[in-house]
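Dear colleague,

I am handing over the structure below, together with some notes on what was found in it. Please read the notes alongside the sequence and the coordinates.

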Amino acid sequence: CLITIMTLSYAATVVAFLPGIGVIWAVIAGAKFVAVYSQQQCVQARALFEADSNADSSGDESLDPASRAAAAKLMSKVRNKQIFKHQLFFSNGIMNVGFTSWLIGHSPAQWFPVWYTLKCVGLISYRWYAYRQKGHHYFLYDLCYWVNLLCLVYLWVVPESGWTFEVLFQLANGPLAWSVLAFNNSLVLHSLDHMTSCFIHISPLLLTYGLRWHSAGSKYITCQTTQCDTPALERLAAAQVYFYLPWLALYYLWVFVFLDHRVTKRRYTTLFSWVTEKGLWAQVVPSVSSNPYMQKAFYSFTHYFCTLVVSCFALILWQSHAAHMFFVACICFGAAWNAGSYYFRYFAKQFVQNLDRTVEEKVQAALMKNGARAPGCGPVRRGCGKGDAGAPDRSQSEKSD
């Protein structure tokens with residue numbers, strides 16, 4: 001009898017998940033019968049859009065009917081795949097923001113560190129792989145990645161070190177948090193690259209907020225003294241002397257001196273080359289000196305000065321829960337505001353254009369492999385496709401993501 005009751009209990013638990021699973025399946029599969037009662041007009045609009053897209057994709061009259069039908073089918077498949085990818089990332093982005101917000105409020109010192117760790121390892125590993133393909137992997141030597149490493153060390157190696165947390169607090173609420181504004185980080189929900197940048201700069205801020213004010217009774221020690229009254233200048237100096245300045249010296253020697261020839265020869269991108277490519281820095285840095293090492297030294301000194309200034313603001317946040325919470329809200333609002341600007345000023349205009357470029361490029365490559373002619377090109381030849389003058393600029397497509 002007990003076994004029967006337990007079996008029915010487990011079965012009821014499984015059945016309880018079925019409605020949610022059904023909703024997810026309906027959304028992803030685009031099952032129109034689910035939405036027809038509540039969103040009939042939206043379904044009809046979507047069908048018209050898909051019909052227009054398919055009509056546009058088969059408009060090359062130079063192809064014979066069979067080839068034109070095959071090209072239209074392939075373009076529709078590629079287009080739907082690209083849209084599905086963006087929808088999937090967007091949905092995951094929404095769920096990530098909601099779940100992270102709930103977890104930081106529900107369990108800031110128990111489960112949020114675990115959630116942070118999983119995302120940190122996964123996202124930074126993926127970023128290294130993706131940036132390695134583009135020659136951007138030297139970005140991972142920058143301060144923000146090392147502060148995230150310090151977060152992991154504190155969480156899983158020295159959680160009882162109040163001194164380590166005080167250093168981490170200064171860095172996470174100083175240079176990392178203000179980098180959201182400095183680098184225009186945007187909460188672009190459909191873009192894994194944008195969301196990773198937001199994670200790197202915002203998650204340590206959320207982590208230190210939760211532990212600073214809500215870690216009582218947990219294994220994490222967040223202060224050197226029981227009253228959390230370490231002198232402000234001592235905390236500021238500890239973060240600078242024991243972490244920031246050693247990182248800055250090693251970064252300058254490793255990236256700017258020892259690996260400079262390798263970076264230049266292989267045309268790798270570093271943060272220095274990126275910020276001095278255009279804008280104010282592109283005018284100021286060359287005017288300092290013609291010697292590249294002096295230019296990089298000036299950049300390093302400016303980086304240090306800005307870090308020192310914003311770290312002073314973190315001293316205030318240490319003393320006030322309300323001020324800290326307000327600061328966290330403002331940084332998150334800044335990332336959301338930047339995303340709104342991206343979506344309404346750029347994305348709305350460029351998405352369809354870039355999607356068409358991506359679809360055309362993939363279809364051309366597929367048809368060229370089969371010896372057919374791609375829509376918009378003459379007979380397949382060397383140069384019609386990725387290297388053609390009329391081919392889409394892949395770098396622009398990547399930037400839009």
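To begin with a loop residue, N184 is placed in the loop between α7 and α8, where helices are DSSP runs of H or I with at least four residues, strands are runs of E with at least two, and both are numbered from the N terminus. N184 is partly exposed at 48% relative accessibility, on a scale where buried means under 20% relative accessible area, exposed over 50% and partly exposed in between (1.4 Å probe, protein chains only). Its phi is near 55°, a positive value in a residue other than glycine.

Before going further, please note that this is a predicted model, in which local features need pLDDT of at least 70 and side-chain atom pairs count only at pLDDT 80 or more, while totals for chains, interfaces and linings use all residues. Residues are numbered from 1 along each chain as its sequence is written, and side-chain values use heavy atoms, with hydrogens and water left out.

A second residue with a positive phi is R267, at about 60° although it is not a glycine. R267 sits in the loop between α10 (260-266) and α11 (271-275) and is exposed, with a relative accessible area of 73%. As background, most residues other than glycine have a negative phi.

As for the overall fold, the protein has 15 helices and zero strands, and 42% of its 401 residues count as buried. Of the contacts with a separation of 6 or more, 73% are between residues 24 or more positions apart, a contact being heavy atoms within 4.5 Å. The protein exposes about 23100 Å², of which carbon and sulfur atoms supply 66%; accessible areas come from the Shrake-Rupley method with a 1.4 Å probe, and for residues only the protein chains shown count as cover.

Helix α9 (residues 232-258) has 27 residues and reaches 36 Å from its first C-alpha to its last, close to the expected 39 Å, the expected span being 1.5 Å times one less than the number of residues. A kink of about 35° lies at Y244 in α9, shortly before the proline P246, with the bend taken as the angle between axes fitted to the seven residues ending there and the seven starting there. Helix α5 (residues 112-134), with 23 residues, reaches 32 Å between its first and last C-alpha, close to the 33 Å expected. The buried residues of α5 include F112, Y116, L123, I124 and R127, and the helix is followed by G135, whose phi is positive, near 80°.

V180 lies in helix α7 and counts as buried because its relative accessibility is 0%. Leaving aside residues up to four places away in sequence, V180 touches N185, H201, I202, I331, A335 and N338; V180 and N338 are 158 residues apart in sequence, yet 9.4 Å apart in space, C-alpha to C-alpha.

Finally, V157 is found in the loop between α6 (143-156) and α7 (162-182) and counts as exposed because its relative accessibility is 55%.
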